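Take a walk through this structure, one feature at a time. Keep the sequence and the coordinates side by side.

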Amino acid sequence: MPDEVKLDKSEFVKEDSRQLRGTIADELAEEELDHFSKDNAGLLKHHGLYQQDNRDARKQKNPDGTRRDKAFMFMVRTRIPGGRVPADALLAELDLCERYGNQTLRITSRQGLQLHGIIKDNLQQTIREINQTQLTTFGACGDIERNVMCCPAPLRHNPVHDQLQQTADEIAEELKPRTTAYSEIWIEDNEGNRQDVSEFTPVDEPVYGTRYLPRKFKSGVALPEDNCVDILTYDLGLLGIVESGNLVGYNVFVGGGQGVTPSAAKTFPAIAQKMAFIGVDEAVDVARALVCVFRDHGNRSDRKTARLKYLLAGWGMERLKGTVEEYLGRPMAEPHPAEVTGVEDHLGWCAQGDGRDFLGIYIENGRIQDTETVRTKSALKRIVESYRMPTRMTAQQNILLCDIEPSQRDEIDRILADHGVAPAEECSQIRRLSMACPALPTCGLSITESERMMPEILDQLETELSRHELSDERITIHTTGCPNGCARPYSPDIGLVGKTAGKYTVFLGGNSLGTRLAFNFQDLVPYAEIIPTLVPVLSYFRDDRLQGESFGDFCDRKGRDDLVARLESVRGAE
Ligand code: SF4
C-alpha cells in the first residue's frame with residue numbers, strides 16, 4: 001500500500017496493540033469497570049468477543065428521570081471449523097449460557113456458537129471453560145480469517161466429505177494468528193494464576209504481520225450439488241470437484257460478501273466469481289496467497305470498502321488472479337466448468353452410509369432455548385448427555401446429531417416429542433429455509449428488529465402460501481436488522497433488511513442456491529406492510545410462473561419494474 005495513504009484509525013490500534021494485547025488485561029483486572037475502552041473493544045473482536053449493551057435497557061430511566069447507564073454485556077463467539085462440536089463441548093456451552101448468559105445458546109449463520117449477555121466479571125471463566133473443551137473463541141471475529149465453513153453432513157459413503165473438512169481444518173490452522181495474547185490474557189495456568197502479560201515477547205506472525213488484515217476474511221468449502229454453507233457469499237469459496245467418487249480438486253471462487261453501508265453508495269453486496277481450478281493439496285497455499293494479497297493491497301484507509309470484493313471490483317479478475325499467482329509462485333489452471341447446482345438443509349433423519357444415522361433438528365433462528373411450548377435446550381441436553389454423540393452446526397443455524405445407531409432412533413424421537421420439538425417434516429418449507437440475525441436487543445448496530453419479528457412474519461407467510469397453494473415451494477427468506485447482512489439477506493429468494501426504525505428494504509429475485517443477487521424491490525417498507533407487499537407478488541407467481549420455475553427465478557425473470565407495476569396495480573384496485 002502506498003505510504004501516502006491515510007490509514008484508518010483502527011490500523012494504528014492494531015499496530016500498537018502488541019499483537020492484539022492492547023491493555024485488555026489491565027482493564028479486565030479493574031473490577032469497578034464493567035466494560036472496556038473503545039480501542040480494547042476493537043481488539044477484543046479478534047479474541048471472539050463483542051462488547052454490547054442491552055438496547056432495550058437504553059430506553060429505561062432512573063427513578064429521578066435521568067438516563068440509565070448502559071447495561072454492558074458481551075457476546076462470546078466460538079470459532080468452529082465446519083461446525084463440528086463434540087458432545088462435551090456442546091454441553092459445556094449449554095451450561096455456560098445458563099450460568100453466565102441469557103439462558104440461550106445461538107447457532108450462528110457461519111457454524112459457530114454464540115453466548116449472549118455475559119457480563120465482564122464472568123468473561124474469563126466463560127472463555128476458560130470453552131477452551132477446556134478444546135474449542136476456542138480466538139479468531140471468531142476481527143480482521144483475520146474467520147471461521148472456515150464446510151458442509152457439516154457426516155456422509156461416509158465415500159471419503160469426500162471428510163476430505164472437504166480436512167481442507168477446512170488445514171486452512172483454519174494455517175490462517176490462525178500466531179500471537180500468544182489470547183492464552184496469556186484468558187487462560188489460566190495449572191496453578192490458577194494468569195500469566196504476566198506486561199512482559200511482551202513478540203512472535204512471528206507470518207501471514208498477518210503487525211496490522212493483521214484490512215478487514216475480516218471469510219472462507220467456505222462445499223460441493224456443487226450441496227452449497228449448504230453458501231460459499232459464494234464469502235471472500236474465498238472452494239467448490240469440490242468429484243470425479244468417479246474421488247475429490248480431484250477445487251474451483252476457487254473469490255470476492256463474495258454481503259455487507260453494505262447505507263450511507264456509502266460505493267458499497268455493495270457481491271457474489272463470488274470463479275478464479276481458477278486447483279488441486280486438493282494446493283488449497284492451503286492458495287488460501288494463504290489470497291489472504292496475503294488482501295493483506296497487502298486491501299483498502300486500509302476506509303473500512304467500508306476494505307473487503308476483498310472491492311479489491312476485485314477495482315482490479316478485475318485477471319489482475320487479481322495474476323497477483324495471487326505471483327504470491328503463490330506458480331500459475332493456476334483455468335476453472336473447471338462445474339457450478340453450484342443444489343443445496344441441502346440436512347434436516348430430519350438421514351443415513352450416514354456407515355450403518356448409522358444423523359438427525360438434523362430445526363432450531364428457530366439458531367436460538368437454542370426453552371420456551372413455554374418448545375423446550376429444545378432441555379431436549380438437546382437430555383439426548384446428548386445420554387448418548388454423547390458428536391454434533392455439527394449448519395450454516396442455516398440448525399444442529400445435526402451424528403453417529404446415531406438405528407436402535408437409538410425411537411428413544412431420541414420420543415425425547416424430542418416429549419419436549420415439544422417438532423420433527424423437521426412437520427416444519428413448513430419456508431420456515432426450514434428461514435434465517436434471521438440477532439439484531440435487537442443485543443447487537444449494537446441493529447436498526448430494526450430481526451430475530452424477534454421473524455416468527456410472526458413466518459406465521460403470516462405460511463398462511464399466505466397456504467392460501468395460494470404454494471406451501472410446498474422452496475422459498476428462502478433471510479432477515480437482518482441492518483444492512484451489514486449477517487444472515488446473508490442479499491442472495492435468497494426474499495431478503496428483508498432493516499433500513500430505518502421499523503422499516504425494511506424488501507429484496508427479491510435471489511435463489512436458494514446462493515448463486516444470484518436479489519434486487520431491491522421496495523424500500524422503507526413498514527413492518528406491518530411487509531406481508532401486504534409480498535402477497536401480490538406471490539399471487540403473480542402462482543398465476544404466471546413457468547412450469548417448475550422457482551419463486552426467485554420468477555422474480556428474476558420478471559424483473560423489478562414488472563413486479564412493482566403489479567404491486568401498484570393491485571394497490572390501485574383496492
Ligand atoms: Fe447486527 Fe446488522 Fe449483523 Fe443483524 S445484520 S447482527 S443487526 S450487524
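Helix H5 (residues 87-99) packs against helix H12 (residues 376-387) at an angle of about 145°, and their axes lie 10 Å apart. The model is a predicted one. The crossing of H5 past H12 is left-handed. From H5, the residues in contact are Ala-87, Leu-90, Leu-91, Leu-94, Cys-97 and Glu-98. From H12, they meet Lys-377, Lys-381, Val-384 and Glu-385. The contact of H5 with H12 is made of 6 nonpolar residues and 4 charged ones, with no polar residue.

Now turn to helix H17 (residues 551-573), which holds Lys-558. Which side chains make polar contacts with the side chain of Lys-558? One is the side chain of Tyr-540, at 3.4 Å. Another is the side chain of Asp-544, at 2.6 Å. With neighbours within four places in sequence left aside, Lys-558 is in contact with Tyr-540, Asp-544 and Leu-563.

Next comes strand S10 (residues 273-278), where Phe-277 lies. Phe-277 and Gly-249 are 28 residues apart in sequence, and their C-alpha atoms are 7.0 Å apart in space. Residues up to four places away in sequence are not counted in what follows. Phe-277 touches Ile-241, Val-248, Gly-249, Tyr-250 and Asn-251, among others. Its contacts also include Met-332, Ala-333, Glu-334, Pro-335 and His-336.

The backbone deserves a look too. Most residues other than glycine have a negative phi, and most peptide bonds are trans. The loop between strand S16 (434-436) and helix H15 (454-467) contains Pro-441. A cis peptide bond, with omega about 10°, joins Leu-440 and Pro-441. Ala-439 is found in the loop between S16 and H15. Its phi is positive, near 50°, and Ala-439 is not a glycine. Ala-439 counts as buried because its relative accessible area is 1%, under the 20% limit.

Arg-488 sits elsewhere, in the loop between strand S17 (477-480) and strand S18 (494-500). Arg-488 has a positive phi of about 50°, and it is not a glycine. Is Arg-488 buried or exposed? At 4% relative accessibility, Arg-488 is buried.

Finally, the cysteines. How many disulfides does the structure hold? The count is 0. Take Cys-402: the closest cysteine sulfur is in Cys-350, 10 Å away, so the two are too far apart for a bond. The cut-off for a disulfide is 2.5 Å between sulfur atoms. Cys-402 is buried, at 1% relative accessibility. Cys-443, at a relative accessible area of 23%, is partly exposed.

Note on methods:
Residues numbered from 1 in each chain as written. Predicted model: local features only at pLDDT ≥ 70, side-chain atom pairs only at ≥ 80, totals over all residues. Heavy atoms only, no water. Axes fitted to C-alpha atoms, helices over the stretch in contact; angles between N-to-C directions. Helix = DSSP H or I, 4+ residues; strand = E, 2+ residues; numbered from the N terminus. Left-handed = near helix turned anticlockwise from the far one by under 90°. Contact = heavy atoms within 4.5 Å. Nonpolar A, V, L, I, M, F, W, Y, C, P; charged D, E, K, R; others polar. Polar contact = N/O pair within 3.5 Å; in protein donor to acceptor, adjacent residues only side chain to side chain. Buried < 20%, exposed > 50% of the residue type's maximum accessible area, 1.4 Å probe, protein only.
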